[in-house]
Amino acid sequence: MTKGVAIGLDIGGGSTKLGLISSAGDLLASRRVVLPDGADFPVIAAQYRAAIAALGGEGLPVGIAYPGHVDRARGLGLNSNVPALDGQPLAAELGAAALLNDADAAAMAEARHHAAARMLMVTLGTGVGVSMIVAGKPLETAGGTLGDSGHLNLDPSGRFGCRQGCTGCLESVASGEALVRDATLLAATGESPALSAEALPSGEVSAAAACRAALAGDPGAMRLVAGMAGWLGMAVASWRASFHPDLIVFGGGLSALGQPFIDQIRDRADARSLPFLSANCPLILARLGNDAGMIGAGLAALAP
Ligand SMILES: [Zn+2]
């Protein structure tokens with residue numbers, strides 16, 4: 001066994017990333033497992049074991065970043081976007097030393113790069129993950145997460161539902177999923193040539209393509225992004241009022257929109273926040289990219 005090295009496993013809806021992580025938080029090697037359609041728990045567990053062996057990680061501590069709630073007492077993940085793993089004894093199967101929510105894992109890794117004692121991290125991907133790190137550890141409620149803060153209920157019209165099934169929540173109006181829906185609708189009208197050009201044969205515009213169009217200055221795409229910044233500004237004002245963090249960090253795929261997008265969110269949040277809550281709470285981009293969840297999972301497995 002190599003001392004001070006662990007396997008970090010970051011489970012996603014389409015694929016799982018596995019990395020060899022040092023105690024300094026360095027990613028030494030990694031592999032990606034693409035889950036076959038309809039794969040059941042034994043198949044997935046066997047693929048993970050094979051990937052760990054391929055990394056030379058047999059016998060190393062394993063940390064699992066789970067895309068949903070975690071029941072640590074029973075070693076189970078729940079309510080995720082990989083239903084085949086929900087309620088299954090994955091942690092026992094892999095002999096895992098740590099099982100934690102994926103947003104918490106990413107935030108734990110990110111927090112090592114900032115001096116803030118209380119850091120809120122917002123992961124803007126297909127959904128919205130929110131984690132609060134206090135003195136290096138995630139603040140947890142019943143589901144082993146920070147509630148479900150991506151489902152903060154904001155839109156009184158309740159026009160849209162999110163993929164988890166609530167209506168009018170933050171995810172339903174400002175997330176990768178919401179951006180795909182709105183960009184696809186806008187592309188179909190022909191009012192945004194850049195979005196129409198990015199549309200796939202199915203007519204769908206991906207979140208990455210919508211971000212590219214906005215960064216290139218397409219007015220329609222920029223309007224969608226400004227709309228998301230408005231909702232996220234409301235959410236930030238509410239998170240500040242609930243948790244009073246020293247720093248708010250934004251990661252995930254939509255953070256590709258860059259600091260100007262974050263500044264838009266900040267302006268909307270500051271206009272709605274109590275001054276003492278916004279005065280010492282900058283909003284910045286995450287330093288770590290998509291490897292953060294894997295690194296945080298490995299670090300959790302190495303934590304005393
Ligand atoms: Zn929701």
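Q: Helices in this text are DSSP runs of H or I with at least four residues, numbered from the N terminus. In which helix is Ala45 found?
A: Let's start from the model, which is a predicted one. The helix that packs on the sheet and touches S1, S2 and S3 spans residues 41-54. Ala45 belongs to this helix, H1.

Q: Is Ala45 buried, exposed or partly exposed?
A: A residue needs 20 or more other C-beta atoms within 10 Å of its own to be buried, and 12 or fewer to be exposed. Ala45 has 17 such atoms within 10 Å, so it counts as partly exposed.

Q: Which residues is Ala45 in contact with, leaving aside its neighbours within four places in sequence?
A: One place to look is Glu93, 48 residues away along the chain. The C-alpha atoms of Ala45 and Glu93 are separated by 7.3 Å. With the sequence neighbours within four places set aside, the contacts of Ala45 are Leu90 and Glu93.

Q: Which strands stand at the edges of the open sheet of 5 strands?
A: The pairing in this sheet is mixed, and the strands come in the order S3-S2-S1-S4-S7. An edge strand has a single partner strand, so one of its sides is left without a neighbour in the sheet.

Q: What is the bridge partner of Val5 in S2?
A: Val5 lies in strand S1 (5-11), which has 6 of its 7 residues buried. S1 forms a hairpin with S2, with 3 residues between them. The two strands run antiparallel and are joined by 7 bridges. Within S2, Val5 finds its bridge partner in Ser22.

Q: Which residue in S4 is the bridge partner of Ile7?
A: S1 also pairs with S4, this time in the parallel sense and over 4 bridges. S4 covers residues 62-66. In that strand, Ile7 is bridged to Val62.

Q: Which residue in S7 is the bridge partner of Ala65?
A: Moving along the sheet, S4 runs parallel to S7. The two are joined by 4 bridges. Ala65 has its bridge partner in S7 at Leu100.

Q: How many residues of H3 are buried?
A: Helix H3 (residues 102-111) packs on the sheet and touches S1, S4 and S7. Its buried residues include Asp102, Asp104, Met108 and Glu110. H3 is largely enclosed by the rest of the structure, because the buried count is 10 of the 10 residues.

Q: Which element gives the most to the side of domain 1 that touches domain 2?
A: Domain 1 is 5-108 + 291-302 and domain 2 is 115-285, with 26 Å between their centres, taken over C-alpha atoms. Their contact takes 13 residues from domain 1 and 12 residues from domain 2. On the domain 1 side, S5, S7 and H3 each supply at least two residues. The top contributor there, with 6 residues, is H3.

Q: At what angle do H7 and H8 pack?
A: H7 is residues 207-215 and H8 is residues 219-243, and their axes are 7 Å apart. The two helices are roughly perpendicular to each other, a label that therefore needs an angle of 65 to 115 degrees. Their packing angle is about 110°.

Q: How many nonpolar residues are in the contact of H7 with H8?
A: From H7 come Ala210, Ala213 and Ala214, which meet Ala221, Met222, Leu224 and Val225 in H8. This contact has no polar and no charged residues, and its nonpolar count is 7.

Q: Which helices are included in what covers the buried residues of H7?
A: The buried residues of H7 are Ala207, Ala209, Ala210, Cys211, Ala213 and Ala214. Their cover includes H5 (176-189), H6 (193-198) and H8.

Q: What is the bridge partner of Val249 in S12?
A: S11 is joined in parallel to S8 by 5 bridges, and Met119 is bridged to Leu247 in S11. S11 also runs parallel to S12 (residues 283-285), with 3 bridges between them. In S12, Val249 has as its bridge partner Ile284.

How values were computed:
Residues numbered from 1 in each chain as written. Predicted model: local features only at pLDDT ≥ 70, side-chain atom pairs only at ≥ 80, totals over all residues. Axes fitted to C-alpha atoms, helices over the stretch in contact; angles between N-to-C directions. Parallel < 35°, antiparallel > 145°, perpendicular 65-115°, else oblique. Contact = placed C-beta atoms within 7 Å. Nonpolar A, V, L, I, M, F, W, Y, C, P; charged D, E, K, R; others polar. Pairing = 2+ DSSP bridges. Domains from an automatic or database assignment.
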